[in-house]
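Visitor: Please put the model on the screen, and then we can go through it by question and answer.

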Amino acid sequence: MAPQDTVFSSAGCRECNQEELMRAEVISEKCIGDGICADTCPEVFEMGDDGLAHVIADPVPADAEAACKEACEACPTEAIELS
Ligand code: SF4
């Protein structure tokens with residue numbers, strides 16, 4: 001009879017899930033402010049008053065990861081880094 005309180009479910013491990021979340025970064029020196037990323041993934045990118053893109057969701061929400069990758073690939077100057 002194993003004690004029930006020593007059994008953990010990986011599906012319920014919030015810390016593990018958080019480590020797998022994506023992070024996005026805009027390299028401002030490369031950004032030309034065309035707004036493609038903000039149009040493609042407004043959940044994560046927003047155009048600032050400085051005319052450059054900024055990350056507004058860190059880490060990237062799981063349901064926005066696909067659009068975030070698409071924005072990264074669409075950026076003409078490769079200003080977006082994902083990790
Ligand atoms: S797509 Fe790239 S260049 Fe265009 S606003 Fe976004 S980060 Fe800047």
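**Helix 3 and its surroundings**

Guide: Strand 1 (24–26), helix 2 (36–40), strand 2 (45–47) and strand 4 (80–82) are what the buried residues of helix 3 pack against. Contact here means C-beta atoms, placed from the backbone, within 7 Å. Helices (H or I, at least four residues) and strands (E, at least two) are DSSP runs, numbered from the N terminus. This is a predicted model, in which local features need pLDDT of at least 70 and side-chain atom pairs count only at pLDDT 80 or more, while totals for chains, interfaces and linings use all residues. Residues are numbered from 1 along each chain as its sequence is written.

Visitor: What pattern does the protein follow along the sequence?
Guide: The protein has three helices and four strands. Read along the sequence, they follow the pattern α-β-α-β-β-α-β.

Visitor: Which residues of helix 3 are buried?
Guide: A residue is buried if 20 or more other C-beta atoms lie within 10 Å of its own, exposed if 12 or fewer, and partly exposed in between. The buried residues are C68, A71 and C72.

Visitor: Is E73 buried or exposed?
Guide: E73 is found in helix 3. Because E73 has 11 C-beta neighbours inside 10 Å, it counts as exposed.

Visitor: Which residues touch the most other members of the largest nonpolar core?
Guide: Such a core is a set of buried Ala, Val, Leu, Ile, Met, Phe, Trp, Tyr and Cys residues joined through C-beta atoms within 7 Å. There are 14 residues in the largest one, and those touching the most other members are C37, C68, A71 and I80. The largest share of this core, three residues, comes from helix 3 (residues 65–74). As for I80, leaving aside neighbours within four places in sequence, it is in contact with A24, V26, C37, A71, C72 and C75. The names asked for are C37, C68, A71 and I80.

Visitor: Where is the residue E78, which has a positive phi although it is not a glycine?
Guide: Most residues other than glycine have a negative phi, and most peptide bonds are trans. The phi of E78 is about 55 degrees. E78 is exposed, with 10 other C-beta atoms within 10 Å. It is found in the loop between helix 3 and strand 4.

Visitor: What is the omega of the cis peptide bond from D58 to P59?
Guide: P59 is found in the loop between strand 3 (53–55) and helix 3. The bond from D58 to P59 is cis, with omega near 5 degrees.

Methods: Contact = placed C-beta atoms within 7 Å.
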